[in-house]
Amino acid sequence: MHSQFYRLAELKRDLRRRLRSAQVSPRAMTALYTGLLLVLDLIILLGSGYGVLSVFIRILCWLISIVLGAGFVLYCMAIRRGERSEYLTLFDGFSFAGRLIALNLLISLLIVLWSMLFVIPGIVAIYRYRFALFHFYENPDIGILEAITLSRQQTQGRKWQLFCLDVSFLGWTLLASVPTLIQNFLYYSAAFRMFFDYLASPSGILMTPDASVLLLPSWAWTLITGVWVVAVTMFYLPHYYCAQLTLFEEAKAACPSRRGPDGLGGL
């Protein structure tokens, strides 16, 4: 495991040099990307409480976030290859949005099905299909099942490496989650207080906390969380995706089109 983290440390140093030479600022692009995600979160919040319309707005914003995510990875791919990528690259995913959404849904379904067996197969499945979307971003004409098959083959023997990469960015992920952790702390602290009050007086009614325990309205928490995420992700998100793409390129070079199961069988 130590050798994996040493290898990742070397990789990150190389990526820092690449990112510094990018013609379009990685921090500015990340701020644009995460800022748009914040706008989508605010739209979902403002559209809540309208029944079917709320569901439609939530689904539409989720689909848009998938497409924007594709554009951000395309930008990171350009950095990895030393190519120039403009801010409009963030919207390139709209040109193949339908098949992109279908691939995301299929990957999510497969991960859920594997997770139904047990937790560990579900975690393995997350890494098993990690490269499928990268194949699709790189070549939108590729078949959806072909992208999944290639990912299944090329992540064989590399899942641990991908896991170590995620662990190496865990501190940044937790830092970006600070407002959400504070919200959860406030909510569950209130829930435990109400539970113990109920135990002390079982003749009463067991209540659940309402939004007032969070001290701020929902829109304020959404705004605070979003702004915090924008500020934190500027410092690590491009590095994270570029590191994944480096491992992806290495996997393609080592296993371009090998066929056969990877130990879990089928998809």
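User: Hi! By about how many helical turns are K252 and E249 separated in helix α12?
Analyst: Welcome! This is a predicted model, where local features need pLDDT of at least 70, side-chain atom pairs count only at pLDDT 80 or more, and totals for chains, interfaces and linings use all residues. Residues are numbered from 1 along each chain as its sequence is written, and side-chain values use heavy atoms, leaving out hydrogens and water. K252 and E249 both lie in helix α12 (residues 237-254), 3 residues apart, so their separation is about one helical turn.

User: What is the distance between the closest N and O atoms of K252 and E249?
Analyst: Side chains of opposite charge can pair when their charged atoms come close. The rule for a salt bridge is a side-chain nitrogen of Lys or Arg within 4 Å of a carboxyl oxygen of Asp or Glu. K252 and E249 form such a bridge, with their closest N and O atoms apart by 3.5 Å.

User: Is K252 buried or exposed?
Analyst: Buried means under 20% relative accessible area, exposed over 50%, and partly exposed in between (1.4 Å probe, protein chains only). K252 has a relative accessibility of 19%, so K252 counts as buried.

User: Which residues do salt bridges with shared partners join into one network?
Analyst: K252 and E249 pair within helix α12. Salt bridges that share partners join this pair with two further residues into one network. Its members are R81, E138, E249 and K252.

User: How many residues apart are E138 and R81?
Analyst: The side chains of E138 and R81 meet in a salt bridge at 2.6 Å, N to O. E138 sits in helix α6 (residues 132-138), while R81 is in the loop between α3 and α4. The pair links distant parts of the chain, with a separation in residues of 57.

User: How many helices does the chain have?
Analyst: Helices (H or I, at least four residues) and strands (E, at least two) are DSSP runs, numbered from the N terminus. The chain has 0 strands. Its count of helices is 12.

User: Which residues of α4 does α3 meet?
Analyst: Contact here means heavy atoms within 4.5 Å. On the α3 side are W62, L63, I66, V67 and A70. Their partners in α4 are A97, L100, I101, N104 and L105.

User: What percentage of the 267 residues in the chain is buried?
Analyst: Now for the chain as a whole. Its C-alpha atoms fill a box of roughly 65 × 45 × 45 Å along the principal axes. Of the 267 residues, the buried share is 41%.
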